[in-house]
Amino acid sequence: GGAGIEDFPKLATSRCREILALTGTELETVGTLCEQYTEVISFRHSAPRQAHLATLPQAERDADAAQVKRMQEELANRRQYAAYLTLLFDGLQQSTKHIAELERMFDKEMDNLKQLVGSRSSVPKEQVYPRFDALAKLWIAFEDEAQMLQVRRQTLGTLHEYRGSFLPQLRAEDISLARAERRRAAARAAEEAMAAAPPPPPVDR
């Protein structure tokens, strides 16, 4: 028997794994993007960059300031997006734990029922009915989780639409320039540290 009955334990487990993986990947992508925005904005505020801007016409300085402001707004938007994803991811992790606990309880009840029935042709209903009732409640709990996970999948889809709500101003060129300046700054800092370091003590011969 049981043909045509939805396997809710299997469905809940597979849905949770799928959505958790998708959300985790998206969260990593957005985290990297936020780091890139931060890197570029920090570069735009750096002393070498400000010194260069001081040599440019006012119109170009104003345009640069407007672009930096826009990137700051985009960064705030991406951080908010990441916050929503984090809430979703945390909820999915809780679902994973809950489903694992339901599976443990379901397997235990099935083992109890098998031991109770065994090869006997007749079992007192006051013994077997509570086992069936417990299994039914667990089955409903699996169904509830599967339905909730479907809602979370729809939420993730809505968040994906939110991700493309504007045309980003961040360019690959901006990231390359920021990273190049970071490397130059690290090299300057290393040179200054070496120059400020006291000479090594003499060694007796």
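Me: How many aromatic pairs does a search of the whole structure find?
Reply: Keep in mind that this is a predicted model. Searching the whole structure for aromatic pairs gives a total of five.

Me: Is the pair of Tyr81 and Tyr162 stacked, tilted or edge-to-face?
Reply: The ring centres of Tyr81 and Tyr162 sit 6.0 Å apart, with 50 degrees between the planes. Stacked needs under 30 degrees and edge-to-face over 60. So the Tyr81 and Tyr162 pair counts as tilted.

Me: How many residues apart in sequence are the parts that this pair ties together?
Reply: Tyr81 belongs to helix 3 (residues 58-117), while Tyr162 belongs to helix 4 (residues 125-163). The pair therefore ties together parts whose separation in sequence is 81 residues.

Me: Which aromatic cluster includes Phe106 and Phe142?
Reply: Phe106 and Phe142 form an edge-to-face pair, 6.0 Å centre to centre with 80 degrees between the planes. Phe106 is in helix 3 and Phe142 in helix 4, 36 residues apart, and both are buried. The cluster they belong to is made up of Phe8, Phe106, Trp139 and Phe142.

Me: Are helix 1 and helix 3 roughly parallel or antiparallel to each other?
Reply: The axes of helix 1 (residues 8-44) and helix 3 come within 8 Å and cross at roughly 155 degrees, in a left-handed crossing. Angles over 145 degrees count as roughly antiparallel. Helix 1 and helix 3 are therefore roughly antiparallel.

Definitions and conventions
Residues are numbered from 1 along each chain as its sequence is written. This is a predicted model: local features need pLDDT of at least 70, side-chain atom pairs count only at pLDDT 80 or more; totals for chains, interfaces and linings use all residues. Side-chain values use heavy atoms; hydrogens and water are left out. Rings of Phe, Tyr and Trp (its six-membered ring) pair if their centres lie within 6.5 Å; planes under 30 degrees apart count as stacked, over 60 as edge-to-face and the rest as tilted. Helices (H or I, at least four residues) and strands (E, at least two) are DSSP runs, numbered from the N terminus. Buried means under 20% relative accessible area, exposed over 50%, partly exposed in between (1.4 Å probe, protein chains only). Axes are lines fitted to C-alpha atoms, for helices over the stretch in contact, and angles run from 0 to 180 degrees between N-to-C directions. Angles under 35 degrees count as roughly parallel, over 145 as roughly antiparallel, 65 to 115 as roughly perpendicular and the rest as oblique. A crossing is left-handed if the near helix is turned anticlockwise from the far one by less than a right angle, and right-handed if clockwise.
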